[in-house]
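Grab a pencil and work through these exercises with the model open beside you. Each task comes with a solution that goes step by step.

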Amino acid sequence: MELNLDWSLLTPEYILAGGAGMVVLLDLFWGRLRKDQLAYVAAAVALASALTALIWVNDDTNFANLIDIDNYTALFRVFFGLIGVFACLASARFVKDRLLHAGEYYGLILLSVLGANLMAAASELLTAYISLELLSFSLYVLTSYAKFDLRSNEGGLKYMLLGAFSSAIFLYGIGMIYGVSGSTRFSEIAASLSGDTAGFDMAMFLGLVLIIAGLGFKVAAVPFHMWTPDAYEGAPLPITALISALGKAAGFALFLKLFGQAFIPLVDDWRVFIAVLSAMTMALGNLVAIQQRNIKRLLAYSSIGQVGFLMMGIAALTPENADAASALVLHLVGYVISNLAVFVAIIIYYNWTGKEEISDFAGAAERAPYLALALSIGFFSLSGMPLFAGFATKFILFQAAAEQGLLWLSSIAVFFSFVSLYYYLIVIKEMYLGKPAEPTRFPTPWLEYGALTLLVAGVFLIGLYPQPVFDIVEEGAVAMMAVAEAAGTVTAPP
Amino acid sequence: MDWVLFALIAIPVGAVLVFMLIPSRYPQLVRNVAVVSGFAMFVLSVLVFVKYEFGGGSGLRFDLQLDWLENVAFLGENGITYHLAVDGISAPMVLLTGIVIFAGVFISWNIDYRNKDYFVLLFLLVSGVFGVFLSLDLFFLFFFYEVAVLPMYLLIAVWGASSHFGTFTRTKEYAAMKLVLYLVGGSVLIFIGIIATFMEAGQGTFDLPVLGAVTYDENFQKAVFPLFALGFGILAGLWPFHTWSPDGHVAAPTAVSMLHAGVLMKLGAFGILRVAITLFPEGAEFWAPVLMTLGVTGALYGAVSAMAQRDLKYMVGYSSVSHMGFVLMGLATLTTIGVNGAVLQMFAHGVMTALMFAMVGAVYDQAHVRDMTLFGGLAQKTPRLAAFFAIAGLSSLGLPGLAGFVAEFHIFVGTFRAGYEWAGVLGILAAAITATYILRMLAMAFFGPFNERWAGLKEMRLGEQFGGALLIVFIVFMGVWPAPFIDRISESVEFILRV
């Protein structure tokens, strides 16, 4: 088989890797450069990679049978690049005030974006594994970046140990799958699974379970979620944002691709399994979140709950169409934007006060009305309230799940969305009803407020008129699902 | 004319944006904008009511349909559309909303604490209310339903008031959270119902006329009807899920109580009629006895509870539960006259309860207490306030010539005709209890010997008088000439009940 070795296909990744190196060197050799200026450089690099990725929109090729360059890849390259931009901008002031070694910090953020890009683009298991590790290692280091903070070290260590453990499980699963199917390429796995000889195979099943467990760790699905609260709480705030946005989005990009391409022929075997995990995840995340007093831990558990919703999209996958895949990606985009809005707002608040208990938000509405409003909008969007992204995307996602006979799961999901409203309201209540510690207004951080405004605008756009975003997302999902179809495993819909 | 429907939702939303742009140091400007947009909504809602054309059929008028989301995933060509129209039932409801918000703006005149934020939330709520009454697409109906519920939390928690009962305190935060959790909890059931209905219909659309043309399997109807009836019923104060309502209404600021008891609770009854009864007639028939029982229980229970209250506002709150029980009774009859009565009662109760809350608010603003036993002979100091309160009360107890009588008469006739004699008797008993507690309250607080403690009490503000007078005009109008209402309502009710 002839390999396509067109190296130019990976330009966005070169930009990220080169940019990462450049940021580190700039920090090293240009002493007069302020730390926050490094953030702008890194943001520009991430933006450049996102824009470059646009060149391959509507392209359909691959690099050396390892990396797909299609609309799915293009979609996530742009998406991850933009997450990188916001992560860098949100870090600017935080890093300047509170962290050492800004160069490596931003370099690692760019590398994590690079890993995420390749996770979405990988078309075979080993590439996927290596890119997953690139992302994970960057995040381990970043989590423990606040060197003199005990919690940061603890969180980082815990994250790394459990992460390494889960990587091993994942790798073992890859071995099993390879042993059964004789290939690591997604399309060939699918073909071997749907051949005439294919039947229920214990080794295959074990491999599948191991892969679900490994990925479950990475995206923090119950019962593999234990690292999340500590890592979220310990990590510097912008890194918490990065884990919950980029880590989760990349995890699901890979999760979706694996199950939408490689394992889709076995969908009837794993659907209930994923559905039950999804129900457990949303139940635990949302219920435990109620009791949290620390905003980071609250968001950690709420993000676990959100993973439950996202997993519905996997459970709803079907070989017949790309409905569930597009619904999942749409919800992922909506979730990440809302979540970033929440985190950017919390980072701004933390920059002012250095406090992160929910009770510290008392009276925020009087000291910073715009911030409180944006934070409330983000929370309402996360809990799926109308006007905001969460409502539209959840509606579509729940409907897609119900279409595949998972009405029970949709009902549970609706119920837990409702539960999530309760704990978000507790924070909102603090902000609007609590008495502020001091009556003075906070100074306006224009750059951060600008980033926040963009995110809030995105929340409203998806919430009020999702059609354009849906069209883009659907292109990606269709391209992704088309691979399984081309492999002859799936019959095209009539 | 379909621009009117668009404008009815666009005006409050536009006003919200304008409020946000006004710096908070210009509170008077905020009030002026609120009055202008409130007046515009009032005029347009009157226009919708007056210009409603009779012509049978589905009764849908001013149809406006805009694409929103289509050809994606499971949705067909007409997937989700922004589909607005009025029928004979929503026309009076739109009118009611227009009246109450216009009056509510005047009642809110002296809110000084962050009045800009207050009006932002109030108008957001109103846009949701108009949206529910006008939407013909299940997705948007649900969308606006949630928009109407959400601002309540902050409106009550920030601008509300806690009630002290000596031994314990009902805080406004508690009331706000309880209200939101109950209502959003109800919407969980609605959401599940919507998804199930969409799939069962298999039309790839959420458009209500399309969904209404489908005949659903009888067992499916029986299974899904309670989801909608209970989900919407919670907002309509369905017993035993009514407990959020007295607490929420008492804790809310005056204009919000007016809107909430006057209009928002009607969204629940409207939803039952528009979605549950329209789409699932067989399910409705199956569940009607249960709905009737709960409705009667609510009517009696609310009336008896109101009897026991000394707090004026709690009395009005429980009387709302009682009157919404009548509405549910009317719906459960599934006869033209009974359902007509239910819709009439929705309108009648809307204006009179708004008036009552406005008057309670006017008393409380000056007296800072609401215990009726502490008052006495207030009519000597505040004759207009007493008169307004008396009119609202008399309408509430069903005095002929006022709105409440027309509505309750229809409901009771419908109840007897549908074969629920026992329920009719109990309903009339509840109306009798209503008369008792209203008259007792009037006697205690407004008439009788004057309590010198209130010598400093002044008449209502001009804005309150205007708002009250506006509501009274419609109470009397409907009481003496109900034909315009009945004609519009019965046309659509007959269509829904397939008479």
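**Exercise 1. Where in chain A is A:Pro223 placed?**

Some ground rules before the solution. This is a predicted model, in which local features need pLDDT of at least 70, side-chain atom pairs count only at pLDDT 80 or more, and totals for chains, interfaces and linings use all residues. Residues are numbered from 1 along each chain as its sequence is written, while chains are lettered from A and ligands numbered from 1 in the order in which they are written.

Step 1. Look at the loop between helix H8 (202–219) and helix H9 (227–234) of chain A: that is where A:Pro223 sits. Helices here are DSSP runs of H or I with at least four residues, strands are runs of E with at least two, and both are numbered from the N terminus.

Step 2. The peptide bond from A:Val222 to A:Pro223 is cis, with omega near 5°.

Step 3. Turn to chain B, where a cis peptide bond joins B:Trp239 and B:Pro240, with omega about 5°. B:Pro240 lies in the loop between helix H8 (218–235) and helix H9 (244–251) of chain B.

**Exercise 2. Find the positive phi values of A:Asn58 and B:Arg114, then classify the exposure of A:Asn58 and B:Arg114.**

Step 1. A:Asn58 isn't a glycine, yet its phi is positive, about 65°. You'll find A:Asn58 in the loop between helix H2 (35–53) and strand S1 (61–63) of chain A.

Step 2. Count neighbours. A residue is buried if 20 or more other C-beta atoms (placed from the backbone) lie within 10 Å of its own, exposed if 12 or fewer, and partly exposed in between. A:Asn58 has 9 C-beta neighbours inside 10 Å, so A:Asn58 counts as exposed.

Step 3. B:Arg114 is in the loop between helix H3 (90–107) and helix H4 (115–134) of chain B. With 18 other C-beta atoms within 10 Å, B:Arg114 comes out as partly exposed.

**Exercise 3. Describe how H10(B) packs against H12(B) and H8(B).**

Step 1. Get the geometry. Two packed helices are described by the angle between their axes and the distance between the axes. Axes are lines fitted to C-alpha atoms, for helices over the stretch in contact, and angles run from 0 to 180 degrees between N-to-C directions. Helix H10 (residues 254–279) and helix H12 (residues 312–333) of chain B meet at about 20°, with axes 11 Å apart. That makes H10(B) roughly parallel to H12(B) (under 35 degrees is roughly parallel, over 145 roughly antiparallel, 65 to 115 roughly perpendicular, the rest oblique).

Step 2. List the residues. Contact means C-beta atoms, placed from the backbone, within 7 Å. On the H10(B) side the contacts include B:Ala261 and B:Met265, and on the H12(B) side B:Met324 and B:Leu331. By class, the residues of this contact between H10(B) and H12(B) are ten nonpolar, one polar and no charged. Nonpolar covers Ala, Val, Leu, Ile, Met, Phe, Trp, Tyr, Cys and Pro; charged covers Asp, Glu, Lys and Arg; the others, Gly among them, are polar.

Step 3. H8(B) and H10(B) pack at about 165°, with their axes 7 Å apart, and that makes H8(B) roughly antiparallel to H10(B). Among the residues meeting here are B:Phe225 and B:Phe228 in H8(B), and B:Leu264 and B:Met265 in H10(B). The contact of H8(B) with H10(B) has twelve nonpolar, three polar and no charged residues.

**Exercise 4. How many residues of chain B are in contact with chain A, and which helix gives the largest share?**

Step 1. On the chain B side, 26 residues are in contact with 30 residues of chain A.

Step 2. Helix H5 (138–159) and helix H6 (172–201) of chain B are the elements that give two or more residues to that side. The largest share, 13 residues, comes from H6(B).

Step 3. Sort the chain B side by class: 23 nonpolar, one polar and two charged residues.

**Exercise 5. Sum up the fold of chain B.**

Step 1. Chain B has 18 helices and four strands.

Step 2. Buried residues make up 64% of its 499 residues.

Step 3. The C-alpha trace of chain B spans about 70 × 60 × 45 Å along its principal axes.

Definitions and conventions
Two residues are in contact if their C-beta atoms, placed from the backbone, lie within 7 Å.
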